[in-house]
Amino acid sequence: MSNIIDLKLFELVEKIKKKEISSTEVTKAFIDRSQKSKKLNSYITENFENALQKAKQFDEKPDFNKKLPSIPLAVKDLFCTKNIRTTAGSKILENFIPTYESTVTQNILNEGGIIIGKLNCDEFAMGSSNETSFFGNVQNPISENLVPGGSSGGSSSALAAKLTPATIGTDTGGSIRQPASFTGTVGLKPTYGSCSRYGIVAFASSLDQAGPMTQNVKDCALMLEVISSYDNKDSTSVDFKRGQYLKDLNENIKGKKIGIPKQYRVDGMPKEIDELWKKGMKIIEDNGGEIIEINLPNTNYALPTYYIVAPAEASSNLARYDGVKYGFRSKGENLIDMYEKTRSEGFGDEVKRRIMIGTYVLSSGYYDAYYLKAQKVRRLIKNDFDEAYKKVDAILTPSTPSSAFKIGEKTNDPVSMYLNDIFTVPINLAGLPAISIPAGHDKSGYPLGLQVIGKAFDEQNILNIAYSIEKNINFKNNINDWWIN
Amino acid sequence: MDKLSKENKEYLIKRNTNEYEVVIGLEVHAQVLSESKLFSTSPTKFGSEPNTQVSLVDAAFPGMLPVINEFCIKQAIKTGIGLNAKINKKSIFDRKNYFYADLPQGYQISQYKNPIVGEGTVTLDLPNGEKKIGIERLHLEQDAGKSIHDIDPNNTLVDLNRSGVALMEIVSKPDLRSLDEVNSYIKKLRSIMRYLGTCDGNMQEGSLRADVNVSVRKKGSKELGTRCEIKNVNSIKFMQMAIDYEANRQVDVIEEGGSIDQETRLFDTKKNETRSMRSKEDAHDYRYFPDPDLLPLELDENFINDIKKNIPELPDEKKKRFIEKFKLSPYEANILVSDIDTSKYFEEVSKNSDVKLATNWITGELFALLNEKNLEITESPISSKNLSKLINLIKKGTISGKIAKTIFELMSDGDKDPEKIVEEKGLKQQSDPKELEKIIDKIISENPKNVELYKSGKDKLFGFFVGQVMKSSGGKANPQLVNEILKKKLN
Amino acid sequence: MTIDLKTVKHISKLSRISIDDNKAKKLSDDLNSIFKFIEKLEELDTEKIEPLTSIAETNLKLRKDEIKSKNIREDILKNSPEDNKDFFVVPKVVE
């Protein structure tokens with residue numbers, strides 16, 4: 001029998017249900033491997049003992065009527081997990097232990113899942129390389145000193161290194177899809193409103209969305225079924241009929257019209273990206289789909305729009321970290337002094353930078369020129385997609401403009417770091433679902449991803465298209481466990 | 001909009017030969033009567049142990065989100081209807097960003113440019129007539145928690161029980177011109193909200209507070225002066241003192257050739273003066289933007305109409321009806337309608353007994369009794385039922401008005417039934433003309449000298465005879481009949 | 001639009017984040033390059049466009065007026081930086 005850790009999530013579920021393996025064996029396998037993989041620095045908090053205990057309890061009295069029967073999972077440290085430390089990758093929450101559970105992780109628990117740990121991420125989800133975490137950089141298992149992407153870098157790293165059979169991340173401007181692309185894994189950002197934001201440390205409220213990160217599309221469909229739900233504790237949660245994503249997964253894409261946005265052809269894009277894209281288009285056509293060029297004329301304005309809207313919302317969402325109720329507090333002579341010192345010491349540079357941008361764009365005299373303008377451009381961007389979807393069923397693009405870069409390579413230039421998000425950001429602005437699947441390698445052997453973007457609430461469609469592409473590409477991640485002694 | 005009669009005493013500040021008018025606008029914060037808070041499910045009850053009515057949302061824990069209370073929306077709409085105001089079908093909740101220890105989110109969810117209620121009017125009942133005060137808007141917002149500075153000498157203690165309770169902010173136009181008008185305005189607002197059950201108007205518990213905007217201008221000028229805002233004044237008396245101090249301060253500044261700085265001030269209740277809050281230059285950059293955790297509130301016609309249909313009779317309408325139906329004077333009607341509990345009591349009494357007597361007894365004897373015992377009318381020692389009975393006894397002639405007063409006093413000890421008291425104490429009025437004649441004849445025969453004096457022109461002596469008859473009958477003789485019969489016999 | 005040192009200090013006061021002069025200078029440079037990038041939006045004419053504030057395709061859900069939260073004072077104060085079983089404790093405000 002192949003190694004437990006090499007099994008796919010849906011295979012683990014089947015084998016546990018058939019009693020071919022025990023939860024204890026599975027949990028132990030992932031914990032062991034996690035313990036050998038500290039060099040990756042994927043974990044911020046380990047919950048190994050509790051998890052093992054839960055696995056043992058399950059084995060004694062199993063309940064197989066669950067979608068994730070006693071399956072161990074580590075999750076991004078942005079989800080508030082009851083009694084398990086939740087830091088958001090920040091010093092300001094270094095010792096914060098929530099007394100409540102996020103809806104998404106509660107859904108996992110309800111379906112039998114076991115939380116084995118919390119995974120590293122860029123501080124408050126602000127970053128594209130997991131280099132802004134208070135708890136240190138994360139390594140990409142693909143190669144030493146390579147970034148795993150961000151902000152869900154710990155998640156993508158742990159997933160690719162098989163320290164967890166699947167995981168969940170959050171995506172505000174590409175934070176699931178870009179790390180998936182950098183590590184050769186699958187990452188899905190659902191339609192805005194599909195997964196509840198209750199209990200997720202908020203970055204940018206109108207952009208944040210939780211989503212599954214898995215080794216393959218089938219696992220992704222299973223995870224989406226578990227985590228997507230209507231939640232009346234979240235006023236932006238949408239009550240729509242969620243599909244049986246796994247059951248209805250099929251690779252038949254005959255007759256599907258797939259759009260290729262001409263504005264995504266960026267100048268100076270590496271040849272390999274272009275070739276990958278063409279490869280994807282060919283697969284679509286070979287399988288009965290139709291490739292149609294579409295126009296998303298306001299694409300170039302997406303990044304500037306994002307870098308106004310996201311920081312603005314973040315500056316307000318992070319105001320609650322003031323040292324009063326919870327979290328880190330620095331000694332101050334008076335209240336204002338305490339605030340200033342706490343926030344100055346508690347937040348890292350990138351977070352402070354974005355709070356300042358956000359405060360500035362909302363400040364008196366600038367609201368109209370920046371925030372209001374950005375909200376108007378946001379509508380133009382959404383309209384572009386609405387128009388395009390009159391002609392096509394889904395859109396195919398590269399996930400990222402390049403493969404993973406070296407740790408430290410982009411840290412001095414925020415703008416060049418922001419450009420990582422160029423293909424992913426417009427989708428968050430429009431609230432649409434999108435999935436990144438590994439589709440090839442660049443000349444260094446690093447993975448590259450393709451992104452399928454769907455209509456709102458049409459996750460089934462993009463899962464199916466991704467499934468089809470995945471079957472045809474048969475991508476293999478070349479991971480040689482370099483970090484394990 | 002000013003219907004002041006010529007005799008209305010104007011509130012003017014005089015210096016040398018200059019007369020200054022005072023222009024006042026009020027921003028009233030009224031706590032909404034509801035079970036749970038505006039965006040969270042914790043209770044709103046006043047006076048609980050600190051931090052026992054705080055939910056995770058109220059304390060702004062990571063990942064917490066607001067969900068709006070439908071009833072609070074209805075309460076705001078009801079109040080808007082009571083203010084004759086426009087109900088806006090679409091309104092938006094904005095974040096007002098600032099830092100303070102009792103503001104856990106670091107922002108208050110409020111409404112900025114698109115409030116739920118627009119322009120309206122409130123009619124003041126002033127001694128010299130009515131005056132309409134314009135309402136600019138009403139919006140919903142979260143209340144903050146409480147910062148307690150005087151328990152710990154080195155620290156401030158924070159209680160978040162109040163954090164998140166729904167507030168209605170009612171902004172008036174700068175139409176108020178005197179301390180009396182301010183008094184009348186606050187009372188009217190309070191009365192309307194108590195009628196509607198949208199706010200209990202309890203200023204001592206803080207469910208009604210106001211920020212006062214004051215400016216002055218030379219009498220006759222059409223331009224508005226620079227205003228100062230006096231924050232968080234919690235009683236009408238303090239409001240009036242603050243306004244008076246501030247108006248005089250501003251006039252002094254102007255008279256000395258200076259100009260008024262627009263600023264926020266506090267009223268020091270010990271020194272009875274306003275002073276500038278330490279100026280934080282950034283204090284007013286609230287960086288308002290629509291709250292991305294919420295969506296615009298869109299109300300349909302049916303929702304609003306359902307509320308309109310169920311609005312109870314409001315003070316102005318009730319006043320009109322009392323005047324028309326019961327033929328009360330505007331003055332009397334005012335007193336009876338200004339508080340909903342008084343109007344209820346009055347209507348109960350007048351349902352079963354004479355309206356004129358009900359009016360007099362309630363506004364006279366009953367109010368005096370309540371004042372003396374420091375009670376609200378809902379705590380009245382005499383029930384409306386028994387007061388009705390008393391009035392009926394007077395109307396039927398069973399007892400005289402004078403005796404009624406005695407009985408009233410006896411009733412107030414345990415809400416005794418007046419009919420029983422009359423029985424027990426034998427206080428029935430003597431109204432049998434034959435019996436009265438006997439007594440009168442006796443008095444006349446016993447006082448021949450006074451009879452002669454009266455017949456010769458000493459009219460005042462009539463009172464003597466009345467007095468004697470009353471004394472002889474133990475106060476029970478029917479005064480009207482006594483008068484009639486005496487007159488006949490003496491003339 | 002250049003963001004000078006004075007503006008940086010002003011914004012840092014508004015956001016309650018203290019910042020020394022060195023950091024302020026670096027921040028000023030960073031912000032300027034970011035804003036140059038953001039200013040691209042000025043190319044677009046958006047006068048007649050309605051702003052998009054919410055992307056959620058749903059109506060604002062209204063909650064029934066019911067008390068669902070009990071007294072959880074212990075939980076509320078559990079993570080509090082200063083020990084006190086009844087209140088949050090902060091340094092005094094200088095009024």
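Q: How does the lining of the second largest pocket divide into nonpolar, polar and charged residues?
A: The lining of the second largest pocket holds 14 nonpolar, 14 polar and 13 charged residues. Here Ala, Val, Leu, Ile, Met, Phe, Trp, Tyr, Cys and Pro count as nonpolar, Asp, Glu, Lys and Arg as charged, and the others, Gly among them, as polar. This is a predicted model, in which local features need pLDDT of at least 70 and side-chain atom pairs count only at pLDDT 80 or more, while totals for chains, interfaces and linings use all residues. Residues are numbered from 1 along each chain as its sequence is written, chains are lettered from A and ligands numbered from 1 in the order in which they are written, and side-chain values use heavy atoms, with hydrogens and water left out.

Q: What is the volume of that second largest pocket, and which residues are closest to its centre?
A: Rolling a probe the size of a water molecule over the atoms shows where empty space is left. The second largest pocket has a volume of about 1500 Å³. Its lining numbers 41 residues, and those closest to the centre are Lys187(B), Arg190(B), Ile335(B), Ser338(B) and Asp339(B). On a 1 Å grid over the protein atoms alone, a pocket is an open set of points with protein on both sides within 12 Å along at least five of seven lines, a cavity is a set where a 1.4 Å probe fits but cannot get out, and lining residues have an atom within 4 Å of a point. Grid points are joined across faces, edges and corners, and a volume is the space filled by probe spheres set on the points.

Q: Which element gives the largest share of that lining?
A: α2(B) does, with nine residues. The elements of chain B that each supply at least two lining residues include β6 (120-126), β7 (129-142) and α2 (179-196). Helices (H or I, at least four residues) and strands (E, at least two) are DSSP runs, numbered from the N terminus.

Q: How many cavities of 30 Å³ or more are there?
A: There are nine. The largest cavity has a volume of about 110 Å³. It is lined by 16 residues, of which Gln105(B), Gln142(B), Asp143(B), Ser163(B) and Gly164(B) are the closest to its centre. The lining of this cavity has six nonpolar, seven polar and three charged residues.

Q: What area is buried between chain C and chain A?
A: The size of an interface is often given as the accessible area lost when the parts come together. Between chain C and chain A about 5400 Å² is buried (accessible area, 1.4 Å probe, lost by two parts on being put together and summed over both), and carbon and sulfur atoms give 69% of it. In contact (heavy atoms within 4.5 Å) are 54 residues of chain C and 65 residues of chain A.

Q: How many salt bridges link chain C and chain A?
A: Four (each a side-chain nitrogen of Lys or Arg within 4 Å of a carboxyl oxygen of Asp or Glu) are counted. One of them joins Lys13(C) to Glu340(A), with the closest N and O atoms 3.1 Å apart.

Q: What does the contact between chain B and chain A involve?
A: Chain B gives 28 residues and chain A gives 38. The buried area is about 2700 Å², with 61% from carbon and sulfur atoms. Pro62(B), Leu65(B) and Phe99(B) supply 22% of the area that chain B buries against chain A, more than any other three residues. One salt bridge is counted between these chains: Arg197(A) meets Asp293(B) at 2.9 Å, N to O.
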